[in-house]
Structures are given as C-alpha cells and as structure tokens.
Amino acid sequence: MFFVREVEFIEYENSEYIMINLINGATDIIEKSIYEKIINKEFDNLNQDVIDNLLERKYLFSDENEYNKFIESIDTKLEDLEKRATPNFLVVPSYACNLHCIYCYEQTYMIKGTTDIDPLKMVDLQFERIDKIMKQYETKYGKTKEDIRITIMGGEPLLRCNIKTIAYIFEQTKKRNYSLDIVSNGVDLNYYIELFNEYKDTLKHIQITVDGVKDIHDKRRIFHDGRGSFDLIMNNIKLSLQNNIQIVLRVNVDSTNINELSDLADTLIKEFNYDKNLLPYLYLLQDGGCSGESNIVNEKVGIEKIFELEDKNPNMAIFRKKFHPADFIESIFNDVPYQPVLRHCGAAKNQFILDCKSNVYKCWHGIGNNGYRVGTFYPKYEIDDEIINQWFNRSVKVLDKCKNCKYRYICGTGCPAAKHMSDDKMDITSPSCVEYNELIKTIMLEKLKRIK
C-alpha cells in the first residue's frame with residue numbers, strides 16, 4: 001500500500017489527529033492509534049473499514065505506481081484547464097490619483113499623468129489589442145462560454161476628469177458583451193452614478209478600500225494636502241448601495257489598524273445594515289509599499305488576532321478573510337471538493353494588463369514599473385515572448401522547489417510580487433513560499449474551537 005505524500009496531520013484533543021488530504025481537501029479526525037499505524041505504514045494492522053475509507057478519500061493507493069498515475073491525471077487535467085483559462089484584461093486609463101496613501105507602491109515608481117495621445121484613442125488601441133488576443137485564443141481553443149472580464153484600475157480611474165474616458169470604456173465593453181469591474185478609491189464615485197446606472201448589466205462590482213474607522217482611515221488614505229477621505233468614501237459607498245451597485249470593500253490590515261477592526265465592523269453594520277451588495281474583506285498586507293516593512297504583521301499572528309477579535313465581537317463575521325489557504329480551508333468546512341491549482345494567479349495564465357502608456361504587463365503589482373512590463377502595444381506591438389513563457393512556466397510542474405512540495409496544489413508557486421518593492425525586476429523563475437503548515441494548522445484549530 002502507498003500513502004500519499006500530500007497529507008497534513010494536526011494534533012487535536014482527546015488523543016485525536018486531524019488528517020487532511022492536501023490534494024482534494026478530504027479531512028478526517030482519527031484516533032491516535034490509527035495515526036500511529038499510518039505514519040509507521042502498518043496498514044495490515046488497520047481494519048478494513050479504515051482501509052476502505054483511506055482508499056475512497058485518496059489518502060491511500062494500492063501501490064506507488066497507482067498513486068503516480070493519479071497525480072499525472074490531475075496534472076494533465078489542470079494543465080489543460082489553465083492553458084484554456086478564460087482571458088481577463090485590465091486597462092489603466094491614467095496613473096493620476098487624488099489620494100496620497102501612505103503605503104502606495106505606485107508612488108515608488110514615480111508614475112505620473114495619463115496617456116501621451118488622446119485618451120479615447122488610447123482606449124481604442126487597448127481594445128484593439130484585446131480583440132487580437134481574444135481572436136488568437138478563439139482560434140486555438142474556440143469561443144469560451146465564460147464571462148470575459150475587463151477591470152479598470154489606476155492610479156485612480158474614477159477621477160472627475162476621466163468621465164468621458166471611463167464612459168467610452170463602458171461603451172466598448174458592452175459592445176463586446178463583456179463585463180466590467182473597477183478598482184477605485186471611491187472619492188469621486190458620486191460623479192459616475194448616472195453612468196453606472198446606464199450600464200447596470202455591464203458593471204459587476206466596484207472595489208473600494210476603507211482601512212478602518214474615521215480616525216484610522218484618515219491617517220492612511222489621505223489627500224495630497226493631508227486631509228482624510230473617510231467621510232467622502234463612506235457617503236459614496238452609501239450612494240452606490242442605494243443604486244444597487246455592488247461594492248467589494250477591501251480593508252488593508254497591518255499593525256496600525258488590526259486592533260480596531262472590530263470598531264470598523266460595528267461602523268459598517270451601523271451605516272449599511274448588512275446590505276447584501278456590500279462585501280467586506282480583510283487583507284493582511286504583505287508589502288508596506290512606501291511606508292516600509294515595519295508595520296507588516298506576520299500572517300499567523302494576524303490570523304490569531306482576527307479570530308480573537310471575532311470572539312469578542314461577533315460583528316467581525318461580516319468580513320471575509322483572505323488568508324493564504326482561505327479557499328482550501330473553506331472547501332473543507334463547506335464540504336465541497338477543492339479545486340487544486342498549478343499556478344498561483346491569472347498572471348501565469350491568460351491575464352493581460354494594458355496601461356495608458358501603451359505598456360503590457362502580466363501582474364497587477366508590476367504596473368508602472370518598466371522592469372516588470374512584458375511589451376508594448378503602441379506605436380507597434382512588441383512582446384517579449386521569453387518573459388511571457390517565464391510567466392506561463394511559473395507552475396508547480398516546472399519550478400524545482402515546487403515539484404515535490406506537499407502544499408503545491410494549494411500554493412501554485414506563490415506570488416512573485418509578495419515583496420515586489422525589494423527588486424527592480426520580479427523574479428518569476430523562483431517560488432514565493434508561505435508557511436502553509438503553520439497557517440493551515442492555525443486556521444483549522446481556531447475554526448474547530450469555535451464550532452465546538
């Protein structure tokens with residue numbers, strides 16, 4: 001018999017262990033005696049019911065050859081799925097911004113202004129390139145049944161001066177029957193409500209960041225003259241919800257605001273009363289941008305603190321928690337099959353970012369930094385195929401350190417931009433490792449403690 005390498009054992013209580021299959025998310029609580037027989041490979045000493053369960057849930061195979069065939073079949077299916085991944089696109093109409101957030105990495109690149117040609121002409125060029133990429137995809141794989149998504153980001157895309165440009169992007173998106181979302185700071189959003197209502201079927205959501213209650217937020221997300229933005233943003237969120245516009249509310253968490261998250265939860269419930277179109281989530285910052293690394297919270301410590309806050313204040317439950325193994329853990333507790341991955345994100349698949357300077361990027365975090373771009377689309381289209389291939393080869397099947405890592409189907413090589421401020425060029429060819437053993441153990445035990 002052959003027991004899978006991709007398994008996690010977590011010591012539980014009452015002489016029990018949690019056993020997790022890191023390929024499919026199958027999870028069982030077993031007695032210590034069974035655990036000891038498994039790790040000592042004493043399968044002949046297990047009763048048949050236990051053996052049958054281990055076989056059915058893919059912990060155990062008749063031999064290593066059968067296991068290898070199973071892994072090969074998974075890798076083959078995932079490779080095909082990820083090659084065929086539905087393309088998604090980001091367009092950057094301008095790098096100008098009306099805020100001066102303390103952790104903004106874009107400020108480090110000193111990116112300024114907008115396009116050097118007419119903004120509407122630049123939109124035409126961006127969509128011309130999108131059309132060509134889609135034609136190449138459809139020639140190779142056929143028409144996709146999935147939704148093609150355009151994301152507008154900046155800088156700050158929803159500046160008052162950008163209304164004509166943003167309206168033209170909506171027009172071009174709707175013309176192709178694509179959908180659209182926006183990453184915005186929300187400061188000037190009120191000037192766009194009429195446009196959003198005109199394109200209700202095209203706009204899916206707007207992501208806006210609120211980093212705490214007024215006193216906290218107004219020290220972090222500030223105007224260039226030092227004024228805070230909290231009141232304007234909260235009013236515009238309320239206006240959006242009144243117009244049935246979905247708001248994904250991001251909270252960037254570090255040591256300066258983590259202890260006050262409960263207050264923010266109370267504020268959001270008081271102001272918006274569990275509105276179904278408000279989707280708040282917590283993101284533990286991995287990179288301090290211009291503010292440096294001193295305020296970054298170790299993820300395990302941050303997870304424990306957030307669970308502690310939720311114990312004290314049930315209103316904290318309104319936040320989704322975007323921890324590294326969050327999707328994997330949620331599949332366990334929701335009792336749904338886990339979808340393993342070979343690649344961490346869209347940057348290593350069919351994602352393309354087209355900015356107002358006619359640059360092409362693969363990764364969100366790279367925009368504005370010429371060292372991260374993969375090519376240009378104006379005045380002529382020039383793509384560095386070597387870098388594109390490096391991105392696509394950023395797979396657990398290719399990177400040596402990932403090939404036999406038992407967390408590979410959860411991690412997918414990790415994010416190469418996790419510490420993107422540290423180098424002029426992003427290292428696409430090396431994995432970005434996370435302490436998944438500690439994070440999975442911490443979250444599992446914390447969640448089980450509360451269920452009990």
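Me: What should I know before we start?
Reply: This is a predicted model, so local features need pLDDT of at least 70, side-chain atom pairs count only at pLDDT 80 or more, and totals for chains, interfaces and linings use all residues. Residues are numbered from 1 along each chain as its sequence is written, and side-chain values use heavy atoms, with hydrogens and water left out.

Me: What makes residues 230–242 a helix, and how does the reach of α8 compare with the expected one?
Reply: Helices are DSSP runs of H or I with at least four residues, strands are runs of E with at least two, and both are numbered from the N terminus. α8 has 13 residues. The expected span is 1.5 Å times one less than the number of residues. α8 reaches 18 Å from its first C-alpha to its last, close to the 18 Å expected.

Me: Which residues of α8 are called buried?
Reply: Buried means under 20% relative accessible area, exposed means over 50%, and partly exposed is in between (1.4 Å probe, protein chains only). In α8, the buried ones are F230, I233, M234, N236, I237, S240 and L241.

Me: How do you know on which side of α8 they lie?
Reply: Look at the arc, taken from the directions from the helix axis to the C-beta atoms. These residues cover only 165° around the axis, so they sit on the same side of α8.

Me: What covers the buried residues of α8?
Reply: Contact means heavy atoms within 4.5 Å. The cover includes α6 (193–198), β9 (203–209), α7 (214–220), β10 (247–253), α9 (261–272) and β11 (278–284). After α8 comes N244, with a positive phi near 60°.

Me: Why is β9 called largely enclosed?
Reply: Count its buried residues. They are 6 of the 7 in β9, so the rest of the structure largely encloses this strand.

Me: How do you know which strands pair with β9?
Reply: Two strands pair if DSSP finds at least two bridges between them. β8 (residues 179–184) and β9 have 5 bridges and run parallel. β9 and β10 have 4 and also run parallel. Both counts meet the cut-off, so both are pairs.

Me: What makes the unit of β8, α6 and β9 right-handed?
Reply: Point the strands away from you. A crossover is right-handed if the path from the first strand over the helix to the second runs clockwise. The β-α-β unit of β8, α6 and β9 is of this right-handed kind.

Me: Why is N313 called buried?
Reply: Its relative accessibility is 13%, so N313 counts as buried. N313 is in the loop between α10 (299–312) and β12 (320–321). Leaving aside neighbours within four places in sequence, N313 is in contact with S262 and D266.

Me: And why is T442 called buried?
Reply: T442 has a relative accessible area of 7%, so the buried label applies. T442 lies in helix α15. Beyond neighbours within four places in sequence, T442 is in contact with K300, I303 and E304.

Me: Why do K132 and E128 count as a salt bridge?
Reply: The term needs a side-chain nitrogen of Lys or Arg within 4 Å of a carboxyl oxygen of Asp or Glu. K132 and E128 meet at 3.7 Å, N to O, so the pair qualifies. They are 4 residues apart in helix α4 (residues 119–141), about one helical turn. K132 is partly exposed at 39%, and E128 is partly exposed at 41%.

Me: What makes the pair of R176 and D131 a tie between separate parts?
Reply: R176 forms a salt bridge with D131, with the closest N and O atoms 2.7 Å apart. R176 lies in the loop between α5 (163–175) and β8, and D131 in helix α4, so the pair ties together parts that are 45 residues apart in sequence.

Me: Are K380 and E382 exposed or partly exposed?
Reply: K380 is exposed at 54%, whereas E382 is partly exposed at 43%. Their side chains meet in a salt bridge of 3.3 Å, N to O.

Me: How many salt bridges are found in the whole structure?
Reply: The search finds 28. D311, E446, K449 and R450 are linked in a network of salt bridges.
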